[in-house]
Amino acid sequence: MTLNYDTNGNRLSKSLQGSSHNPTVVATPSAVSPNQACTLTASGCPGTVQWSTGQQGASISVTPATSTQYTAECITPNCANNGIGQATVEVYQCTPDAIGITSTLYTTRNGQTVTLTAYGCPGTVKWSNGQIGFTISPQVYGASSTFTATCSKRNCPNSGSGSVSIAGITGCNSGDVLVTAQAGNWNATTTWVCGRIPTVTDEVYLNHEVQVNVNGFAKSITLGTGSLNYPNNSFVTLSEN
């Protein structure tokens, strides 16, 4: 600030000098979908923050429809020039992608592997079984197994999805997977699709709640939507281990 005086010591004028601080402006998040709320925060201003939107305050909320640059002006008393800070909020449009899935088999024996391939996604494919990638090779269990592929790309976590169902066939021959037919006891033939109790050579897949009421045997056990309960401390010995 400069003060001007006459020869008698009387002040004639006062001029302001210097600039206030340039505030740092941060947008959270920095990229949004159309009309999604975004918070703008200005820091480092010792005075009042005036925004290009007409709002005042260190922090404001905006809902841009298109990509927009916002300006924060730091207004400080006795400063001739106000500091300026800016931030741009990117508004993205998530165009849907048509996702298709092919499979090497659409009907297979339970426990067998199929190869699924998703196409039509320009980003990353995430599968409903937790796997990531355009091609996966899951095992199939149950009468019908549905796999969903979701396309994720920059700023668009779900730009489209596709699903495929694979039919599982329960066989009763050696090498087939023994699947539950209904809830029941381990040693009840009605509990199992093949009408027989599992042996040390059987791979078992549970879609129902099974009570291990007597000691049992199996090669391996895979839990689908079912479970095992041990009401009287009986157990199942696995030959695969």
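**Loops, strands and cores**

Colleague: Good to know! What pLDDT do local features need here?
Modeller: Residues are numbered from 1 along each chain as its sequence is written, and side-chain values use heavy atoms, with hydrogens and water left out. This is a predicted model in which totals for chains, interfaces and linings use all residues, side-chain atom pairs count only at pLDDT 80 or more, and local features need pLDDT of at least 70.

Colleague: Back to the backbone: what is the phi of N35?
Modeller: Most residues other than glycine have a negative phi. N35, in the loop between β4 and β5, is not a glycine, yet its phi is positive, at about 65°.

Colleague: And which loop holds N233?
Modeller: N233 also has a positive phi without being a glycine. At 72% relative accessibility, N233 counts as exposed. Its loop is the one between β23 (227–229) and β24 (236–238).

Colleague: What is the omega of the peptide bond from T28 to P29?
Modeller: P29 is found in the loop between β3 and β4 (31–32). Most peptide bonds are trans. The bond from T28 to P29 is cis, with omega near -10°.

Colleague: Zooming out, what is the radius of gyration of the protein?
Modeller: The protein has 0 helices and 24 strands, where helices (H or I, at least four residues) and strands (E, at least two) are DSSP runs numbered from the N terminus. The globule rule, 2.2 Å times the number of residues to the power 0.38, is compared with a radius taken over C-alpha atoms. For 241 residues the rule gives 18 Å; the protein is well over that and so more spread out than a compact globule, with a radius of gyration of 34 Å.

Colleague: Which residues have the most contacts inside the largest nonpolar core?
Modeller: A nonpolar core is a set of buried Ala, Val, Leu, Ile, Met, Phe, Trp, Tyr and Cys residues joined through side-chain atoms within 4.5 Å. The largest has 17 residues, and those with the most contacts inside it are C38, L40, W51 and V89.

Definitions and conventions
Buried < 20%, exposed > 50% of the residue type's maximum accessible area, 1.4 Å probe, protein only.
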